[in-house]
Amino acid sequence: MKIKQWLMVSFFIVMLLPVVALYILYVSLSNLDEKQAFVEYVEMTHKMEEIETHLLNPDLYQLQPKEKFESVQALTNESIKITLYRSDGVVVFSSLPSVGSYGFSTINIEQVYRNLNDLQKNSRTYTLKKPVVGDGDVVGVFEISIAREDWIEGVTNRYILFGVSFSIFIILLYIIVVILLNRKLNRPLSYLQAQMTAFANGEKLSNQTRESNNEIGDLIKHFWKMKSQIEQTQEALAVQQKEKEFIVASLSHDLKTPLTVIRAYTEALQNDETLAEQERLEYKEILFEKLEYMKRMLDDLTMYTALQSSKQRAALVEVDGEEYFDMLLSGYDEPCNQRDISLVVTQSVKETYELDPKQLVRVVDNIMGNAIRHTKKGNQIWLAAISSDVKLPDWVFKEFYDDVEVWRKNGTVILIQNEGKGIPKEQLEKVFQPFYQAEGARNNGGSSGLGLSISKMLMEQQNGKIGIWSTEKEGTLLACWIKEGRK
């Protein structure tokens with residue numbers, strides 16, 4: 001239950017319960033009062049009957065000395081009062097001091113004869129008045145009043161019990177409300193606060209064990225989700241930091257060799273006057289190659305850093321597939337011919353595409369540069385752009401033909417395959433890491449080690465992907481997948 005609903009229901013119950021408790025206590029006390037009243041009525045009736053037998057003597061209802069009423073006086077005490085009236089309303093005896101002296105105080109005769117033979121009950125006394133008959137005439141009226149001392153004491157005790165019971169109920173209700181609030185609000189909030197403090201201090205957190213379907217439960221879930229995201233971000237930052245450290249170390253290592261070569265050849269050109277002109281030209285050419293290699297490495301590092309720090313998508317434009325891929329796949333014949341490598345180019349696209357033309361050229365240049373560097377003299381390279389509705393070329397190595405067929409589904413692929421020594425399976429997942437090169441490839445003077453990493457990021461920026469397959473017996477295939485547009 002949501003906390004808002006729970007609080008509304010709890011507030012209603014807390015308001016209603018005291019009323020219900022008061023009603024129950026009132027009904028219970030009323031029932032007890034009725035039982036006690038019945039018991040008291042029976043007891044009072046019995047007492048009245050016992051006293052009445054002593055007051056039926058007609059001689060008592062005449063003015064006479066006080067000593068004549070000693071038997072009546074003996075019937076009275078602090079709780080029992082007796083008054084005797086003559087038939088004309090004159091008081092002949094009274095144990096009530098307020099009535100006055102015997103024989104001198106009279107009251108309204110109507111009041112004397114009111115409620116005869118009727119046992120009257122009020123909050124403090126039971127009263128009974130009856131006439132006394134002698135020789136066929138009413139000679140007087142006696143009035144018996146018995147105080148309800150037990151009743152008053154019982155009422156006092158019952159109201160004390162009522163107050164104590166209601167107070168205990170209110171205290172228990174308060175304790176229950178505090179316990180429920182503590183369980184529903186304070187404990188989860190304290191738990192969340194402790195977890196947040198521990199997380200802020202870098203301490204290990206306890207397992208997530210408190211789950212509830214309310215706002216605090218949602219808050220705790222959001223905290224754990226936030227914690228997971230922050231930890232993932234921290235892990236990613238740690239990986240990036242290690243990657244940067246590795247890049248700096250690799251860059252220092254890879255630049256050290258060409259710098260040493262440049263220094264040695266520069267010193268030779270400056271100090272050695274015996275060098276022939278041909279040797280000087282060769283030295284200058286070597287210096288130019290090393291400088292070009294260092295420039296390419298720094299350019300790749302600049303591009304890699306820019307791509308890594310930017311999360312924005314590339315500016316995609318719509319291009320005609322056939323025209324664009326004609327341009328994209330051309331221009332690699334001369335580099336291949338220089339190394340005596342046979343190049344086979346295949347194109348079969350008719351759709352339009354949304355892509356970044358300049359960056360896709362860079363991707364293909366990087367991959368083709370790798371393919372040319374790792375293809376021996378006399379071997380072959382295949383380059384192709386194939387739509388999803390066109391069968392893959394037959395020259396795709398059979399070992400991974402089916403895998404490529406599944407991978408390229410619903411997209412156009414650029415395939416670059418070369419003959420030569422393949423990449424071991426355990427190294428395939430690492431080739432897209434910065435500065436990673438297969439064994440024997442480092443320090444070959446042609447690659448910065450960032451080309452495939454840059455290519456992967458550029459493809460992902462264009463909503464594409466890049467994959468690699470290799471067999472040590474035949475060679476390697478690199479494929480770039482591009483989303484197709486309209487035909």
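Glu267 and Arg263 join their side chains in a salt bridge, with N and O 3.2 Å apart (a salt bridge being a side-chain nitrogen of Lys or Arg within 4 Å of a carboxyl oxygen of Asp or Glu). The two are about one helical turn apart, because they sit four residues from each other in helix α5 (residues 215–271). Helices here are DSSP runs of H or I with at least four residues, strands are E runs of at least two, and both are numbered from the N terminus. Arg263 is exposed at 58% relative accessibility, whereas Glu267 is partly exposed at 38%; buried means under 20% relative accessible area, exposed over 50%, and partly exposed in between, using a 1.4 Å probe and protein chains only.

A word on the model: it is predicted, so local features need pLDDT of at least 70 and side-chain atom pairs count only at pLDDT 80 or more, while totals for chains, interfaces and linings use all residues. Residues are numbered from 1 along each chain as its sequence is written, and side-chain values use heavy atoms, leaving out hydrogens and water.

## Other salt bridges

Side chains of opposite charge can pair when their charged atoms come close. The structure has eight salt bridges, including one between Asp33 and Arg158, whose closest N and O atoms are 2.5 Å apart. Asp33 belongs to helix α1 (residues 3–52) and Arg158 to helix α4 (residues 149–200), so this pair ties together parts 125 residues apart in sequence. Arg158 is buried at 9% relative accessibility, and Asp33 is partly exposed at 21%.

Arg86 and Asp88 form another of these bridges, at 2.7 Å from N to O. Both partners are partly exposed: Arg86 has a relative accessible area of 25% and Asp88 one of 39%.

## Aromatic contacts

Now to the rings. There are eleven aromatic pairs in the structure, where rings of Phe, Tyr and Trp (its six-membered ring) pair if their centres lie within 6.5 Å; planes under 30 degrees apart count as stacked, over 60 as edge-to-face and the rest as tilted. Tyr41 and Tyr126 make a tilted pair, with ring centres 6.5 Å apart and planes at 55 degrees. This pair links distant parts of the chain, 85 residues apart: Tyr41 is in helix α1 and Tyr126 in strand β4 (residues 125–134). Tyr126 is buried at 2% relative accessibility, while Tyr41 is partly exposed at 42%.

Trp382, Trp395, Phe397 and Phe400 come together as one aromatic cluster.
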